[in-house]
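Good morning, and thank you for coming. I would ask you to look at the sequence and the model before we go through them together.

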Amino acid sequence: MENNSEAYRKVHFAVMAIEASAKREHLSGQEMHRRLKKQGLIHDRLFKHYELLHTQSLSWVADDTIETLHNWEDEAVKEGRL
């Protein structure tokens, strides 16, 4: 993957968002990745909304990612998917 390709930039952004979110939640990056992936948040949020999200601070993205994860997990519980 070329360093300046759009795919590379999205993956790099997602990795930074996952690690920052994990740190805020006192989780390993692996555990945060597992939870985000289970909810489809990596593709449906971080990649899909990259153009908007990457313009925000990493702190804001971490907070938004955590809030979205908790909301999506709560919804999955209500719907019996989790």
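Let me begin with a question: leaving aside its neighbours within four places in sequence, which residues is T68 in contact with? This is a predicted model, and in it T68 contacts L41 and R45 once those neighbours are set aside. T68 is found in helix α5. With a relative accessibility of 9%, T68 counts as buried, because the cut-off for that class is under 20%.

I turn now to the helix that holds this residue. Helix α5 covers residues 58–78, 21 residues in total. From the first C-alpha to the last, α5 reaches 30 Å, close to the 30 Å expected at 1.5 Å a residue. Besides T68, the buried residues of α5 are V61, A62, D64, T65, I66, L69, E73 and A76. Their packing partners are α1 (6–25), α2 (29–39), α3 (41–47) and α4 (50–53). After α5 comes G80, which has a positive phi, near 75 degrees.

Next, helix α1. Buried in α1 are F13, A14, A17, I18, A20, S21 and A22. The cover over these residues includes α2, α3, α4 and α5. H26 follows α1, and its phi is also positive, near 60 degrees.

How do α1 and α2 meet? Their axes come within 8 Å and cross at roughly 110 degrees. The two helices are therefore roughly perpendicular to each other. On the α1 side, the contact is made by I18, E19, S21, A22 and E25; on the α2 side, by G29, M32, H33 and L36. By class, this contact has four nonpolar, three polar and two charged residues.

In soluble globular proteins, nonpolar side chains tend to be buried together. Here the largest nonpolar core has 15 residues, and those touching the most other members are F13, I18, M32, L36, I42, L46 and L69. Each of α1, α2, α3, α4 and α5 supplies at least two residues of this core, and α1 gives the most, with five. I would draw your attention to F13: not counting residues up to four places away in sequence, F13 touches L46, Y50, L53, H54 and V61.

Thank you; I would be glad to take your comments.

Note on methods. Residues are numbered from 1 along each chain as its sequence is written. This is a predicted model: local features need pLDDT of at least 70, side-chain atom pairs count only at pLDDT 80 or more; totals for chains, interfaces and linings use all residues. Side-chain values use heavy atoms; hydrogens and water are left out. Helices (H or I, at least four residues) and strands (E, at least two) are DSSP runs, numbered from the N terminus. The expected span of a helix is 1.5 Å times one less than its number of residues. Buried means under 20% relative accessible area, exposed over 50%, partly exposed in between (1.4 Å probe, protein chains only). Contact means heavy atoms within 4.5 Å. Axes are lines fitted to C-alpha atoms, for helices over the stretch in contact, and angles run from 0 to 180 degrees between N-to-C directions. Angles under 35 degrees count as roughly parallel, over 145 as roughly antiparallel, 65 to 115 as roughly perpendicular and the rest as oblique. Ala, Val, Leu, Ile, Met, Phe, Trp, Tyr, Cys and Pro count as nonpolar, Asp, Glu, Lys and Arg as charged, and the others, Gly among them, as polar. A nonpolar core is a set of buried Ala, Val, Leu, Ile, Met, Phe, Trp, Tyr and Cys residues joined through side-chain atoms within 4.5 Å.
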